[in-house]
Amino acid sequence: MTSEFDPTLDPENIEATVAREEWWLTAFNRFLVWARLRVMDSGVAQVFDSTGNTLIYESDDIARAALMDAEFRSLDGMDDEDAELFGILLEDLQPPDGEDDQELIPQMTRKLPEPN
């Protein structure tokens, strides 16, 4: 970890240290599974997963590599053809939304429609 990262940061104030946020997704057993990547001002990356765990990585490159190894794809890089592989329209790929991480957890997985 970098010396700038403080794991004891108050979760209420963590938003102030977030430099950027990305949403990643994958399909597993006909479920759409989300992960949120946050890159902190310090350069440390946090991945919030579908089970409510937050995984800490030394950099966003390492976090992205871990997500890609787990076959996640960045929502920002997806197009209509990519979404079609999930059996869903691109405009229907809306990341979870909530006031806090606890509100996100039930939205982090979603049943995909059965293929025609």
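Mentor: Among contacts in the protein between residues at least 6 apart in sequence, 49% join residues at least 24 apart, where a contact means heavy atoms within 4.5 Å. This is a predicted model, in which local features need a pLDDT of at least 70 and side-chain atom pairs count only at pLDDT 80 or more, while totals for chains, interfaces and linings use all residues. Residues are numbered from 1 along each chain as its sequence is written, and side-chain values use heavy atoms, with hydrogens and water left out.

The secondary structure comes to three helices and six strands, and from the N terminus on the elements run β-β-β-β-α-β-α-α-β. Helices (H or I, at least four residues) and strands (E, at least two) are DSSP runs, numbered from the N terminus.

Over the protein, buried residues make up 36% of the 116 residues.

Now follow the partners of β3, remembering that two strands pair if DSSP finds at least two bridges between them. Strand β2, residues 31–40, pairs with β3 in the antiparallel sense over four bridges, and V39 stands opposite A45. These strands, β2 and β3, form a hairpin with four residues between them, and in its turn G43 has a positive phi of about 100 degrees. Strand β4, residues 54–57, is also joined to β3 by four bridges and runs antiparallel to it, with F48 standing opposite T54. The hairpin of β3 and β4 has five residues between the strands, and there G52 takes a positive phi near 95 degrees.

T54 deserves a moment, since this residue of strand β4 counts as partly exposed because its relative accessibility is 38%. Leaving out residues up to four places away in sequence, T54 touches Q46, V47 and F48. The C-alpha atoms of T54 and R36 are separated by 9.2 Å, although the residues are 18 apart along the chain.

Positive phi values also occur away from glycine, and R30 is one such residue, with a phi near 65 degrees. R30 has its place in the loop between β1 (18–28) and β2, and counts as partly exposed because its relative accessible area is 29%. E71 likewise has a positive phi near 65 degrees, and is found in the loop between α1 and β5 (73–74); it counts as exposed because its relative accessible area is 62%.

A nonpolar core is a set of buried Ala, Val, Leu, Ile, Met, Phe, Trp, Tyr and Cys residues joined through side-chain atoms within 4.5 Å. The largest one has 14 residues, and those with the most contacts inside it are L25, L32, W34, L75 and L93; β1 and β2 each supply at least two residues of this core.

Rings of Phe, Tyr and Trp (its six-membered ring) pair if their centres lie within 6.5 Å, and planes under 30 degrees apart count as stacked, over 60 as edge-to-face and the rest as tilted. By this rule the count comes to one aromatic pair. W23 and W34 form it, edge-to-face, at 6.0 Å centre to centre and 85 degrees between the planes. W23 lies in strand β1 and W34 in strand β2, 11 residues apart, and W23 is buried, as is W34.

The protein averages 87, and 85% of the residues score at least 70. Over residues 1–5 the pLDDT stays under 50, and it is below 50 over residues 10–16 as well. Where pLDDT is low, the predicted coordinates should not be read in detail.

How values were computed:
pLDDT = per-residue confidence, 0-100. Buried < 20%, exposed > 50% of the residue type's maximum accessible area, 1.4 Å probe, protein only.
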